[in-house]
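Trainee: I am new to this structure. Could you walk me through how to read it?

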Amino acid sequence: MRDEVFLINPKQWKQEVVSGTGLDIVGIVSKAFPQAKHILCLTDKRVASLYPDTIKGLQGMGSELLIIPQGEGQKSLSRLEWVIDALAYRTFTRDSLFIALGGGVIGDIGGLAASLYMRGMNLILIPTTLLSMVDSAYGGKTAINLKYGKNLVGTFYPAQLIIVDTVFLSILPPEEWVNGLAEVVKYGIGFDAGLFEELEAYVALGKPWQEGDWGEWIPRCYRIKLDIVKDDLHEGGKRMLLNIGHTIAHALERWGGYGLYSHGQSVFFGMKAEIGMSRKEGYLSDIDYNRITALLDATAPVLSPLPPSIDELLPLLQWDKKRREGRGVIMPVVKGVGKGEVEEGSKD
Ligand SMILES: NC(=O)c1ccc[n+]([C@@H]2O[C@H](COP(=O)([O-])OP(=O)(O)OC[C@H]3O[C@@H](n4cnc5c(N)ncnc54)[C@H](O)[C@@H]3O)[C@@H](O)[C@H]2O)c1
């Protein structure tokens, strides 16, 4: 079992990450919050049906359970209001405990509800998808979507504790592995040439992703993220780098009505498009472009139905959160394998 503590400035928010396989989740929660009397656990229907013992364990320590349907559509204002109402109805207080057990959707809406209710209550995330274990659980971004754009309403509210138990990956469906890989490949492309090489080598072996070196790769990804976030919680600068592929991805998700393409599928599509832009603008050599494209092609799903052209997506960038008044959209570009940088551009 690994137990790591990361401090996020300027408030020195503490994010403790406990990771391993077959963890004693109830024991870890009780140790971290011995005083918590009122606990609410938010999860989705699929996770609740697949992991009844985890749910029973949390209920055994007094957690009340809130189950919502799965899917990106749940990141809505109406669902947010419903979750916050549930906290108020049960007379939760600031020092009560909110546990979000699930993938990135549960973490994003649960984190937002926990950050807003009484201006912030204790929060634990227990990520259950690869995507949430490598990326979404860390760094404190919470959000819901609006019809105009993705993640437009949210807060920066780091969970105090993140419990990463790879046991949850044991029956993760293949498409969710691919969704998670999108963020793993992103870390290789933008930050860690060594990880990129390991992923290339792994693809060459032709082995299933399930058998990958996740005990090492997961901590590697969250350390990269937290190392960046620690000095830029509010995304004033270098945190934008974590958005490689996400500018186009978020436009595609919105274009598809938050259901046609998953977040991971969209990030793959966005990375391919943005790598192409980096080459076109002269930032990326043909050699590195070909190498990155080969890894993306080997890991990315073929989108069905066919996605729109980039030209159709560009008008949606006006709702991108990295747009600055009078300065266009600030986008990460890739200048080589493992070398992402942030550049300002215009919508054109
Ligand atoms: N906050 C952040 O920093 C951040 C970063 C990246 C992505 N995100 C957000 O994360 C979301 C995507 O997350 P996601 O890919 O985890 O999607 P998700 O939460 O919708 O989960 C995907 C599916 O997997 C199921 N599932 C969850 N755990 C499972 C398990 N252990 N076994 C089998 N099935 C399981 C879920 O029920 C769901 O149907 C998007 O909304 C995206 O915007 C947030």
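**A first walk through the model**

Mentor: Helices (H or I, at least four residues) and strands (E, at least two) are DSSP runs, numbered from the N terminus. This is a predicted model, where local features need pLDDT of at least 70, side-chain atom pairs count only at pLDDT 80 or more, and totals for chains, interfaces and linings use all residues. Residues are numbered from 1 along each chain as its sequence is written.

Trainee: Is Y117 buried or exposed?

Mentor: A residue is called buried if 20 or more other C-beta atoms, placed from the backbone, lie within 10 Å of its own, exposed if 12 or fewer, and partly exposed in between. Y117 has 21 other C-beta atoms within 10 Å, so Y117 is buried.

Trainee: Which residues is Y117 in contact with, leaving aside its neighbours within four places in sequence?

Mentor: Contact means that the C-beta atoms of two residues, placed from the backbone, lie within 7 Å. With those neighbours set aside, Y117 is in contact with I84, L87 and F92. From C-alpha to C-alpha, Y117 and F92 are 8.9 Å apart in space, and they are 25 residues apart in sequence.

Trainee: Which residues of helix 12 are buried?

Mentor: Here is the general idea: an α-helix has 3.6 residues a turn, so residues three or four places apart point the same way. In helix 12, D288, I292 and L295 are the buried residues. They cover an arc of only 60° around the axis, which puts them on the same side of helix 12; the arc is that of the directions from the helix axis to the C-beta atoms. D286, I287, N290, A294 and D297 are exposed on the other side of helix 12. The buried residues pack against helix 7 (174-190), helix 8 (193-205) and helix 11 (263-280).

Trainee: Where does the shell around the ligand lie?

Mentor: Domain 1 (2-169) and domain 2 (174-344) both give residues to this shell, so it lies between them. The domain bounds come from an automatic or database domain assignment. R46, G103, G104, T129 and S136 come nearest among the 31 residues around the ligand, where a residue counts as near if its C-beta atom, placed from the backbone, lies within 6 Å.

Trainee: How many residues of domain 1 are in contact with domain 2?

Mentor: There are 31, in contact with 29 residues of domain 2. Helix 6 gives the most to that side of domain 1, with five residues.
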